[in-house]
Amino acid sequence: MTDGRTLTDFQKDALQEVGNIGIGHATTSLSQMVNKRVWISIPDMKLLPLIEVPALVRNEDPVVGVILQLTGDAKGFLLLLLSKSTAKMLIKLIIGESDETKGFDEMEVSVLKELANIMGGTYISALSNFLSIKIGLSVPSQAYDMSDAIIDQVLGLMSADVNDVLFLKTEFTINEERIDGKILIFTDADSLKNMLDAINKLVGQ
Amino acid sequence: MDKKPEKIIIGIADYVVVHNPAVLVTIGLGSCVGISIRDPVARFGGLAHILLPSIKESNNKENPLKFADSAIEIVVDTLLKKGCVKSRLEAKIAGGASMFTFGTNTMNIGERNVEAVKQKLKEMNIPLLASDTGANYGRTIEFNIASGVMSVKSAFNGIKDI
């Protein structure tokens, strides 16, 4: 039983492992797309009030955010965050060219959306297969703007009834290309409960 | 006397009410709305950063500063307690963008936030002097209590003083 505010060490470890599996699959698909070795960080997992999230991702530079909505047993959002230079470099690796001096044209935006689609899709399907829960994914939507405003928008989209949010941040890097990005997952307390129930089932409790 | 006024940063679901001179800042409004309310004579002003339209629609009323209607009441209450006069209060707002769309379901929370703020201000008879809302980009605002100017910055759409 969880009151939504506290997690046991076991639950924390298990959720972190779920994040690990997700980012592992997502970066494997990225690695195949760009034909490079991708490194991943240890997932940073927090259960905290929604309004404290912005402080964890504060960054004044404009960033690329591609968002996918999660539906089903886990409700919330998956957000792929990339610096401009990382996004341009990934586009270049995928389609062979990109103009770093400009913003993002239609073609580049669709590459970024597809990238998020593939990474998000593999992340979420690995997670739902592992936990045997059903999670649906929306089509991606993209913005290139202040990172605080992107996070602000995601928080606004979370239901009005949500106070606490499970925030799972994983980072990936491609060293030789100076590429680094983040995948953030935001889910509500009900979804957290579904995931913890699934974890309990897995370990036979 | 030309010392720069102190900058006070306001987070999400937060507000500050202070006496002149001060500049109230809120960073990265997406669908959220920043609301400034000022009494130019008493020289007090406040800024709130709201996340959602109405406390009435929510099952979780723990934090009234999250919602447009209840947050405006709190800011106005605080101003009145500091000796401001209701009939002198004036407001400016910015934010309420819609940066992401999902197919046909646009879920335009930004638009709903702006509507709720305007509705509440009207209900309380507080004139809305200026606004910069909507569109699809984020905003950072700096509200100068002395001048009443709200400076609205964006990543690619320049700075607008309203």
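In chain A, helix α2 is followed by A:Gly96, a residue whose phi is positive, near 90 degrees. The model described here is predicted.

**Helix α2 of chain A**

- Helix α2 of chain A covers residues 84–95, and its 12 residues should span 16 Å at 1.5 Å a residue. The C-alpha atoms at its ends are 16 Å apart, which agrees with that expectation.
- Buried positions in α2(A) include A:Thr86, A:Ala87 and A:Lys88, and A:Met89, A:Leu90 and A:Ile91 are buried as well.

**A loop residue of chain A**

- A:Asp61 is located in the loop that lies between β2 (44–49) and β3 of chain A.
- A:Asp61 counts as exposed because it has 9 C-beta neighbours inside 10 Å, and a residue is classed as exposed when 12 or fewer lie within that distance.
- Along the chain, A:Asp61 and A:Leu196 are 135 residues apart, and their C-alpha atoms are separated by 36 Å.

**The sheet β2-β5-β4-β6-β7 of chain B**

- An open sheet of chain B is formed by five strands in the order β2-β5-β4-β6-β7, with mixed pairing.
- The edges of this sheet are taken by β2 (14–19) and β7 (128–133) of chain B; each has a single partner strand, so one side of each is left without a neighbour in the sheet.
- On average, neighbouring strands of this sheet are turned by 10 degrees against each other, direction ignored.
- β2(B) and β5(B), the latter made of residues 44–50, run antiparallel and are joined by six bridges. In β5(B), B:Phe44 is the bridge partner of B:His19.
- Helix α2 of chain B (residues 109–123) packs on the sheet and touches β4, β5, β6 (90–95) and β7 of chain B. The direction of this helix makes about 20 degrees with that of β4(B).
- Helix α1 of chain B (residues 68–81) lies across β2, β4 (33–39) and β5 of chain B, and runs at about 165 degrees to β5(B).

**The sheet β1-β3-β8-β9-β10 of chain B**

- Five strands of chain B, in the order β1-β3-β8-β9-β10, form an open sheet in which the pairing is mixed.
- β1 (7–9) and β10 (159–161) of chain B stand at the edges; each has a single partner strand, so one side of each lacks a neighbour in the sheet.
- From one strand to the next, the twist averages 20 degrees.
- Five bridges connect β3(B) with β8(B), and these two strands run antiparallel. B:Asn144, in β8(B), is the bridge partner of B:Val23.

**Contact between the chains**

- The contact draws 28 residues from chain B and 22 residues from chain A.
- On the side of chain B that touches chain A, β3 (23–29) and β8 (139–144) each supply at least two residues. The largest share of that side, three residues, comes from β3(B).
- The residues of this side of chain B divide into 14 nonpolar, 11 polar and three charged.
- Helix α4 of chain A (residues 147–157) lies across β3 and β8 of chain B, at about 70 degrees to β3(B).

Definitions and conventions: Residues numbered from 1 in each chain as written. Chains lettered and ligands numbered in written order. Predicted model: local features only at pLDDT ≥ 70, side-chain atom pairs only at ≥ 80, totals over all residues. Pairing = 2+ DSSP bridges. Helix = DSSP H or I, 4+ residues; strand = E, 2+ residues; numbered from the N terminus. Axes fitted to C-alpha atoms, helices over the stretch in contact; angles between N-to-C directions. Contact = placed C-beta atoms within 7 Å. Nonpolar A, V, L, I, M, F, W, Y, C, P; charged D, E, K, R; others polar. Expected span 1.5 Å × (residues − 1). Buried ≥ 20, exposed ≤ 12 C-beta atoms within 10 Å, placed from the backbone.
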